[in-house]
Amino acid sequence: MKVLVSVKRAIDYNVRIQIKPDGSGVVENGVKHSMNPFDEIAVEEAIRIKEAGNAEEIVAVSVGPAKAQETLRTALAMGADRAILVESDEDLEPLAVAKILKAIVEEEQPGLVLLGKQSISDDSNQTGQMLAALLDRPQGTFANTITLEGDSVTVKREIDGGLETVKLTLPAIVTTDLRLNEPRYASLPNIMKAKKKPLDEKTADDYGVDVSPRLEVVKTTEPEARQAGEMVPDVDTLVAKLKEKGVV
């Protein structure tokens, strides 16, 4: 079986986000980027599936700027076999990315597609679900555990009320959550080997996909500053303060 993993180049989670002066978005130039953490978990899970003998090939895919090659090289260093970069300097919406991934899936015919449940850059949490809808394939989102059994995959997924288990017939789409695994670090020898692994460069036009935006960002602002807390001497004062603020 072939496993296809989607990865995204995002602003590193340790970086403090800054808003552009005109409010049109966030500052990205000169800011450290890395693989989206949820996608890193997806890559790790694909590698574990292959190590368990349930997959023969892992294909990493990214849709983004030329610098996303670095993100794909990281996936290759972790253990992916080859990569595909669909280059675009535009900030593509989830639907456009899902349409591009659909075309790649139809070309590659993987038995399983893994994606991070969301990107920390926009937290849309839409691409995996849209891809499943476009392909008309079963989906398991927010995966906490993934178990392959012949021609099916069992996904234990995290929901508001706890955990839900679904069994999907392959081929299927699965999005990964934080508690699925702990991604490995790429070793120096594997980083060197990754430089020689194949990485194909494509464009959205190669797949006949229209990536014209359908949404417009009106304004981007920082959240309101959190107010400082207040120490009270006893419970009675606490209750009085809560009543004063209309909480109770």
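Which residue just after α1 takes a positive phi? Select Gly53, where phi is about 85 degrees. This is a predicted model, in which local features need pLDDT of at least 70 and side-chain atom pairs count only at pLDDT 80 or more, while totals for chains, interfaces and linings use all residues. Residues are numbered from 1 along each chain as its sequence is written, and side-chain values use heavy atoms, with hydrogens and water left out.

Next, select residues 37-51, which form helix α1 (helices are DSSP runs of H or I, at least four residues, numbered from the N terminus). Among the buried residues of α1 are Phe38, Ala42, Val43 and Ala46, together with Asp39, Glu44 and Glu45 (buried means under 20% relative accessible area with a 1.4 Å probe, protein chains only).

From there, move to Val5, which touches Ala42, Val43 and Ala46, and also Ile58, Val59, Ala60, Val61 and Leu114, leaving aside residues up to four places away in sequence (contact means heavy atoms within 4.5 Å). Val5, Val43 and Leu114 are among the residues with the most contacts inside the largest nonpolar core, which has 36 residues (such a core is a set of buried Ala, Val, Leu, Ile, Met, Phe, Trp, Tyr and Cys residues joined through side-chain atoms within 4.5 Å). Apart from it lies another core, of 24 residues, including Val59, Ile84, Leu115 and Ile173.

Finally, select residues 68-78, helix α2, whose buried residues include Leu72, Leu76 and Met78; just after α2, Gly79 takes a positive phi of about 150 degrees.

Terms used:
Buried means under 20% relative accessible area, exposed over 50%, partly exposed in between (1.4 Å probe, protein chains only). Helices (H or I, at least four residues) and strands (E, at least two) are DSSP runs, numbered from the N terminus. The expected span of a helix is 1.5 Å times one less than its number of residues.
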